[in-house]
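Please open the model in a viewer and keep the selection panel at hand.

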Amino acid sequence: MALLPKPRLLKLQELTCSLFNTVYNPTSARTGNKILKQRLIGPSIVNWYPAKMIKLKEISNMFPDFDLVDQGEQRRLDDIARRKRRGKGAPKKGQGKRAIVAASKKK
Amino acid sequence: MSLKPHFGVLRKAAVRRDIKIREKVAESELVRQAYRYIIRNETLSPRLRRQAQLNLNSFDIHSRPTSIRNRCSETGRARGVFREHRLCRFQFRLKALSGLLPGVKKAVW
């Protein structure tokens, strides 16, 4: 092979490139092909953190036609209603302890 | 300490920022790579390559892949994070000792 003249070697290289479907680049010019060969990292990067947990409230907001019951929320509302019936509910605006103290000080 | 399996993340501000950066990088990656190809291709005209450089610089600073930080998926810690498990060293230890990481075993000799 080394005995062959250079033009013939180049010709051989060109033929090899056409056969194996590679780029013929005898002057080794920088064509930027290595960037085209790089793998796209986007899809693997995005999923680093586990997905955020979807709350039932978001689902029921998305589908208002379905009557989904959030048991925890229902329990909380029942609890509030029960306490209100016993007169232990949250005071109205301006009728809490602090508001009464502030009002008595003003006088 | 959260040893129970769960699907959410403690969303610290830094983690949220990192998620946003990751989305931006993924979104702009294809166009960025195209510009990078034009810049590196010496067979193209210098004018075109210069224009590609300017366009690449005009992207949002957070769309650069180097601005991504691999944080702990459990606590959001930025340092001492094992890439394989996406956990910082302490969370890795906790999970490994409680047997939540398959194939990880404490060395004894």
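The stops below cover an interface, a helix pair and a nonpolar core.

The model is predicted: local features need pLDDT of at least 70, side-chain atom pairs count only at pLDDT 80 or more, and totals for chains, interfaces and linings use all residues. Residues are numbered from 1 along each chain as its sequence is written, and chains are lettered from A and ligands numbered from 1 in the order in which they are written.

**The interface**

Select chains A and B together. Contact joins 19 residues of chain A to 23 residues of chain B (C-beta atoms, placed from the backbone, within 7 Å). On the side of chain A that touches chain B, helix 2 (33-37) and helix 3 (42-46) of chain A each supply at least two residues (helices are DSSP runs of H or I, at least four residues, numbered from the N terminus). Helix 3 of chain A gives the largest share, 4 residues. By class, this side of chain A has 13 nonpolar, 4 polar and 2 charged residues (Ala, Val, Leu, Ile, Met, Phe, Trp, Tyr, Cys and Pro count as nonpolar, Asp, Glu, Lys and Arg as charged, and the others, Gly among them, as polar).

**The helix pair**

Next, select residues 13-40 and 46-57 of chain B, which are helix 1 and helix 2 of that chain. Residues making their contact include B:Tyr35 and B:Ile39 of helix 1 of chain B and B:Leu48 and B:Ala52 of helix 2 of chain B. The residues of this contact divide into 6 nonpolar, 2 polar and 3 charged.

**The core**

Finally, select B:Cys72, B:Val81, B:Leu87, B:Cys88 and B:Phe92, the 5 residues of the largest nonpolar core (buried Ala, Val, Leu, Ile, Met, Phe, Trp, Tyr and Cys residues joined through C-beta atoms within 7 Å; buried means 20 or more other C-beta atoms within 10 Å of the residue's own). Leaving aside neighbours within four places in sequence, the contacts of B:Val81 include B:Asn70, B:Arg71 and B:Arg86.

Conventions:
Two residues are in contact if their C-beta atoms, placed from the backbone, lie within 7 Å. A residue is buried if 20 or more other C-beta atoms lie within 10 Å of its own, exposed if 12 or fewer, and partly exposed in between; C-beta atoms are placed from the backbone. Axes are lines fitted to C-alpha atoms, for helices over the stretch in contact, and angles run from 0 to 180 degrees between N-to-C directions.
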